[in-house]
Amino acid sequence: MKNNLAILSSALRAKCYFCCLIKGMGYPFYEIERKWQAFWAQKQTFKTQERKDKAKYYVLDMFPYPSGAGLHVGHPLGYIASDIVARFKRHKGFNVLHPQGYDSFGLPAEQYAIQTGQHPAITTESNIKRYREQLDRMGFSFDWSREVRTSDPSYYRWTQWIFSKLFDSWYDNEENKARPISELIEMLHQSGTSGIRAICDENTPELSAAAWKALSTDAQAAFLLHFRLTYLAETEVNWCPALGTVLANDEVVQGVSERGGHPVERKKMKQWSMRISAYADRLLTGLNEIDWPEPLKEMQRNWIGKSVGASVRFNIEHSDRQIEVFTTRPDTLFGVTFLTLAPEHEWVKDLTTAEQQAEVATYVAQTAQRSERDRLSEVDRMSGVFTGAYALHPLTNEKVPIWIGDYVLAGYGTGAVMAVPCGDQRDFNFATHFGLPIKNIFKDVDVSEAAFTDKEHTVIANSTFLDGLSYAEATQKVIERLSECGMGEGATTYRLRDAVFSRQRYWGEPIPVYYVNDQPQLIDAEHLPLILPEVTKYLPTKDGAPPLGNATHWAWDTTQNKVVSNDNINHKTVFPIEKNTMPGWAGSSWYFNRYMDALNSDTFASQEALDYWKEVDLYLGGSEHATGHLLYARFWQYFLYDLDLVPVQHFAKKLINQGMILGESAFAYRLDNSQTYLSKGLCHGKNVTPIHVDVSLVSAQNELDIAALKKWQPHFADAKFELEDGKYIVGREAEKMSKSKYNVVNPDAICDQYGADTMRMYEMFLGPIEQAKPWNTAGISGVSNFLNKFWRLFHNGDDFAVRDEQPSKESLKTLHKTIEKVTQDIEQFSLNTSVSAFMIATNELSSQQCNHREILEPLTVLLAPFAPHICEELWSLLGHNESITTAAYPVANPKYVQDDSKEYPISFNGKLRFTLALSTSLSKDEIEAAVMQEERTQTYLDGKTPKKVIVVPNKIVNIVV
């Protein structure tokens, strides 16, 4: 099958090539593109030189995961835009770094390994080869000498090294930065926990220096896990049984795994986590310092979720425990009528009375089957169970019933909320649903139908010492009273939680840790990388251990400092190695720094390279990474900055989110409960179900090839089709390109038929880079025609014909206006309007019959970032031996940019009557004289003398009669 496709593809290319040679049909793009792609590869044209004497510009795409399907036409959109900018900056004299690589650890390759037994490395290598072929065909100016792959041991050695640095660090609130754990150990040795302001676990005990010293080595190691920036702890996680692994919140969509759509449940497991919460405030405030899209920044702000309010403690009746809640509305404390705990709260079982145990246990089990996102998003769904226990109000000592409800999450805040039905709509709905009391604490407000949530117009009532106070006044008074009685204080919280870091997968970075008496110990940096071992199976073991549990050689010998057979484990000198691997986001959280010095084997990047390149100047990628990669990468960059390992806090100065190119899906309409398909025009008033059909089976006129459809999939073979005018017309709809929707367009086919330069320019021509837009192959011919017309500017028939004579002023004006327009467009990333400007210029120059070197040479350089292959060829034909990449960017001459004449609107008493073209060099008096001498002016004056003539040069003329 593959050979047949290759033959067809080759035949199509040959057909295109010979068609191009026919006079008037166009230029031989296939031959030209192959020629210059080979030239760039041989000459390493885009290899970044270490030119510290030049200003730098670092442009980067979010590197791809190499999937088996390869690229479709939607994928290159951002790559094309970044390539245009990279080429533009080279012409402008910058030292440009424009690298590419692969985020090559990933679940799809592992799933394929489970199904077939083929090692993920083999699958990944094959996929990368396919990606590289496609990327090269599109003429991208990547510096491939700096290629990185996250699955390459020479790369993940440094990912492991950064993990080790995180493990060996803690966060000092006093200095607001990460510090080495050795400094914390010294402080504990000197004065215990006294005076230490650290970000740590809530349950961290206080110790004196003597108590610290009295701890055993293992106990000290366990205590330090409360502080480390990467740590091991019991954590509530998203467990996916079908995939056999933990998933991050951003990998769970509507209660199922993003990959494969498998059910996900909440479960407590011992996991590695990253203390990203320590950086919550810096991640939030740092958004004001970077030029990133505002919608993306708002997504991160919401994800981080800063809240200012109070921490309030409720004693539990008949217990010495306290339930702590955080509230942004401490002014409503007297309106509390019940507390709600998360079903997975650790105290639920102990608090629940015997009478309520069965009902509570059932509810807890049901909640475990629902994702956090579902629980948070389904605001109208009311569910909960009374525990039978009561808390005591911190100021009145009144009994407050304790419920559990799935709208409260254990991982958010304290896992408990105080419910004020009169002031919170969700609490109101919950109280109404379960018949709980609603106490009104607002003056002159009716809360019988809904909660009152307008805090700016709040006046408190029925709240003793708060009566008559505003929201702000009451908030301050409550916090003061809570502090006095030891039942609370002012507080700031963040929605952002620590990121679960370990995955129960094979195809990921090994975590460089072994265990001594169940305590994690780092493998020394000098012995990294810890290389992923070979396994016979890629599934978890029979006893539930991750896939690395299948490795026979996965033990660390501390005497030889190397991996040895598991049979040698003696827990004295040979110890078991961590069986979990790192998540997919680990390798992508720092790769932008590696590109600066990708071949360095001594460090992740030299100080010299880091100081020169500093940060990414332009970063392009999808907004879907807002709360995943982009947040984790900012976190790691802050951490590396704290340890003086990188020179800047922000890894990307400017970010652009490219929009999506949508596929134009095709639908056949199946009559319900039948195997009959109705043409689109026959569906009105009928109960039909739209069924996706392959777009390759549909003509440009939306006619479906029924014979081909029946061969395509078996269930269409015996179907009946009702036609309109002898044709079956499909429905069309713009959707995300996907194999499952059969709307994928392969860029190889576009390059074969039209050429890579045409595809590059067409994708830019579709619309603003940030917006989603539908793909329509029929529209590509306009761009193809433009490039053929541009080629003909340089040719007379088959002969290259460019003249050295002086061009006309008209042609110079066309050139310099185009230079000015395109330059502004690229700098503003309005690349779609640049394409329009090139089309206009080519049409004007064709009309002017311009084939002058003085015009065409700079115009070729101007077009080169967009259509590099054709421009390289024309540059060569113009007599240049070097690549056009080395050519200086043309500069617009103001002399030719300004118009010689201005079309003035001539008004009488403010009403436009006609327009008059006048020279822009005329003075105010000369303009007035010219207007008054105009025959049409005299006609409208009809013998009257003007009272006043208002002249605004280069704007308007108004005659007041």
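Trp170 stands opposite Arg179 in β4. Strand β3 (residues 169-172) pairs with β4 in the antiparallel sense over four bridges; strands count as paired if DSSP finds at least two bridges between them. Strands (E, at least two residues) and helices (H or I, at least four) are DSSP runs, numbered from the N terminus. The model is predicted: local features need pLDDT of at least 70, side-chain atom pairs count only at pLDDT 80 or more, and totals for chains, interfaces and linings use all residues. Residues are numbered from 1 along each chain as its sequence is written, and side-chain values use heavy atoms, with hydrogens and water left out.

β3 and β4 belong to an open sheet of three strands, ordered β4-β3-β5, with antiparallel pairing. Its edge strands are β4 (177-180) and β5 (198-199), each of which pairs on one side only. Helix α7 (residues 181-191) packs on this sheet and touches β3 and β4, where contact means heavy atoms within 4.5 Å. The direction of α7 makes about 75 degrees with that of β4. Axes are lines fitted to C-alpha atoms, for helices over the stretch in contact, and angles run from 0 to 180 degrees between N-to-C directions.

## Helix α26 and its partners

Helix α23 (residues 781-792) packs with helix α26 (residues 853-863) at an angle of about 150 degrees, their axes being 12 Å apart. α23 and α26 are therefore roughly antiparallel to each other; angles over 145 degrees count as roughly antiparallel, those under 35 as roughly parallel, 65 to 115 as roughly perpendicular and the rest as oblique. α23 passes α26 in a left-handed crossing, meaning that the near helix is turned anticlockwise from the far one by less than a right angle, whereas clockwise would be right-handed. Phe786, Leu787 and Phe790 in α23 meet Leu859, Thr860 and Leu863 in α26. By class, this contact has five nonpolar, one polar and no charged residues. Ala, Val, Leu, Ile, Met, Phe, Trp, Tyr, Cys and Pro count as nonpolar, Asp, Glu, Lys and Arg as charged, and the others, Gly among them, as polar.

Helix α24 (residues 809-827) also packs with α26: the axes come within 10 Å and cross at roughly 15 degrees. α24 and α26 are therefore roughly parallel to each other, and α24 passes α26 in a left-handed crossing. On the α24 side the contact residues are Ser811, Leu812, Leu815, Thr818, Ile819 and Val822, which meet Glu854, Ile855, Pro858, Leu859 and Leu862 in α26. These residues divide into eight nonpolar, two polar and one charged.

## Helices α6 and α19

Helix α6 (residues 153-167) and helix α19 (residues 629-642) have axes 11 Å apart and pack at an angle of about 65 degrees. α6 and α19 are therefore roughly perpendicular to each other, and their crossing is left-handed. Thr159, Ile162, Lys165 and Leu166 in α6 meet Phe635, Trp636, Phe639 and Leu640 in α19. The contact comprises six nonpolar residues, one polar and one charged.

## Sheet β35-β34-β37-β36

A further open sheet has four strands in the order β35-β34-β37-β36, with mixed pairing. β35 (911-919) and β36 (948-952) stand at the edges with a single partner strand each, so one side of each is left without a neighbour in the sheet. The twist averages 20 degrees from one strand to the next. Strand β34 (residues 901-908) runs antiparallel to β35, joined by eight bridges. Pro905 has Thr915 in β35 as its bridge partner.

## Backbone features and a salt bridge

Most residues other than glycine have a negative phi, and most peptide bonds are trans. The peptide bond from Leu528 to Pro529 is cis, with omega near 10 degrees; Pro529 lies in the loop between β20 (519-522) and β21 (555-557). Asn702, in the loop between β28 (688-693) and α20 (706-712), has a positive phi near 70 degrees. Strand β19 (residues 513-516) pairs with β20 in the antiparallel sense over four bridges, with Val516 opposite Gln519. Two residues lie between the strands of this hairpin, and Asn517 takes a positive phi near 55 degrees.

A search of the whole structure finds 40 salt bridges, each a side-chain nitrogen of Lys or Arg within 4 Å of a carboxyl oxygen of Asp or Glu. One of them joins Asp83 to Arg87, with the closest N and O atoms 2.9 Å apart. Both residues lie in helix α3 (residues 76-91), four residues apart, about one turn of the helix.
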